[in-house]
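Hi everyone, thanks for making the time. I'd like to walk you through one model, going from a helix pair out to the sheet and then to a few backbone details.

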Amino acid sequence: MLFDAHLHPETLSDLDLESLRAFGVERAVALGHHFPEPTSRGLREHFRDLLDVQLPRLERAGIRGYVALGVHPRAIPRRGLHDVLAGLPALFRGGRVVALGEIGFHRGGPDEEEALVEQLELARRLSLRVVLHTPALDKERWTRRLLALVRSHGPQPGRVLVEHASARTVPLILARGHWAGLTVNVGELTADRAVQLVRKLGSRRLTLGSDAGDRPGDLLGLPRAVHLLERAGLGRTLVAQLAFRNARRYFGVE
Ligand SMILES: [Zn+2]
């Protein structure tokens, strides 16, 4: 039984979703994403699409789906961000939106920081969980900046999941009381690397996600990693925590 804490189903085919299900993915969180030429209208449509189109698609494939809504650092509109965010709280009712995200840094800079802080403050006000994106480039530096902003503007530490964590950033993230997400995909963590990391760190406050749909890559990165974890003899409890239980606990969907 697998819980993908990081999925982008809108760019995956129905067959891809079926394949995920066939390889054991039973639950998944569809996160707010980026798309070409983002506008405030495009963002509102994206949120509606995640709720009204992607959730039913996941269900049809046999995957229990949840949604996180937020303005991705690569999808900040030139105008109207404030209005988009003002419309978010209404969408959080109904139980299927489990977090604000993914938000964070892509390249950094004042626009990204402003959008991030505004969303962190919203999460603090409404006591929402947040899923944070960290960039591949200069990851440690941007993660440190992100964590500093979370401390001064964000919700309580246990409601924060930092995605795309690496061997160097996981300890920083966990030390602040947050959750760290390992992204098992090409160009991120390979399944082998994920096993090495888990061997060193254990499973506490770690979740696994595929980021499938973000770009061409390894659709089955998550099942592959869990399969390797099982074969590495790390123990059934630890594997179950990483594969399913931790995500279920973090997102509060027991
Ligand atoms: Zn993503």
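Let's begin where V226, L229 and E230 of helix α9 meet V239, L242 and A243 of helix α10. By residue type, this contact of α9 with α10 has five nonpolar members, no polar ones and one charged. Before going on, please keep in mind that this is a predicted model.

How do the two helices lie relative to each other? In general, two packed helices are described by the angle between their axes and the distance between the axes. Here, the axes of α9 and α10, the latter covering residues 236–250, come within 9 Å and cross at roughly 170°. Angles over 145 degrees count as roughly antiparallel, and α9 and α10 are therefore roughly antiparallel to each other.

Staying with α9, which of its residues are buried? They are G221, L222, P223, A225, V226 and L229. The buried residues of this helix pack against β1, β2, α8, β8 and α10. After α9 comes G233, and its phi is positive, near 70°.

V195 has 21 C-beta neighbours inside 10 Å, so it counts as buried. Leaving out residues up to four places away in sequence, V195 touches A225, L228, L229 and A232.

Eight strands form an open sheet with parallel pairing, in the order β1-β2-β3-β4-β5-β6-β7-β8. Which strands stand at the edges? Those are β1, residues 2–7, and β8, residues 206–209; each has a single partner strand, so one side of each is left without a neighbour in the sheet. From one strand to the next, the twist averages 25°.

Strand β3, residues 64–69, pairs with strand β4, residues 97–104, in the parallel sense over three bridges. L69 has L100 in β4 as its bridge partner. Helix α2, residues 40–60, packs on the sheet and touches β2 and β3, with its direction making about 165° with that of β3. Our friend α9, residues 221–231, also packs on the sheet; it touches β1, β2 and β8, and its direction makes about 135° with that of β1.

The second pair is at the β8 end. Strand β7, residues 179–183, and β8 pair in the parallel sense over four bridges, and T183 stands opposite G209 in β8. What about the faces of this strand? As a reminder, side chains in a regular strand alternate between the two faces of the sheet. In β8 both faces are covered: L206 and L208 are buried on one side, and T207 and G209 are buried on the other.

The peptide bond from G101 to E102 is cis, with omega near -5°, and E102 is in strand β4. Then there are positive phi values in residues other than glycine. One is E37, with phi near 45°, in the loop between β2 and α2. E37 has 8 C-beta neighbours inside 10 Å, so it counts as exposed. Another is S127, with phi near 55°, in the loop between α5 and β5. With 9 other C-beta atoms within 10 Å, S127 is exposed as well.

Finally, let me zoom out to the whole chain. It has 10 helices and eight strands, and its C-alpha trace spans about 50 × 40 × 30 Å along the principal axes. How does the radius of gyration compare with that of a compact globule? For 254 residues such a globule would have a value near 18 Å, and the chain has 17 Å, which agrees. Buried residues make up 48% of the 254. Among contacts between residues at least 6 apart in sequence, 76% join residues at least 24 apart.

How values were computed. Residues are numbered from 1 along each chain as its sequence is written. This is a predicted model: local features need pLDDT of at least 70, side-chain atom pairs count only at pLDDT 80 or more; totals for chains, interfaces and linings use all residues. Two strands pair if DSSP finds at least two bridges between them. Helices (H or I, at least four residues) and strands (E, at least two) are DSSP runs, numbered from the N terminus. Axes are lines fitted to C-alpha atoms, for helices over the stretch in contact, and angles run from 0 to 180 degrees between N-to-C directions. Two residues are in contact if their C-beta atoms, placed from the backbone, lie within 7 Å. Angles under 35 degrees count as roughly parallel, over 145 as roughly antiparallel, 65 to 115 as roughly perpendicular and the rest as oblique. Ala, Val, Leu, Ile, Met, Phe, Trp, Tyr, Cys and Pro count as nonpolar, Asp, Glu, Lys and Arg as charged, and the others, Gly among them, as polar. The radius of gyration is taken over C-alpha atoms; the globule rule is 2.2 Å times the number of residues to the power 0.38. A residue is buried if 20 or more other C-beta atoms lie within 10 Å of its own, exposed if 12 or fewer, and partly exposed in between; C-beta atoms are placed from the backbone.
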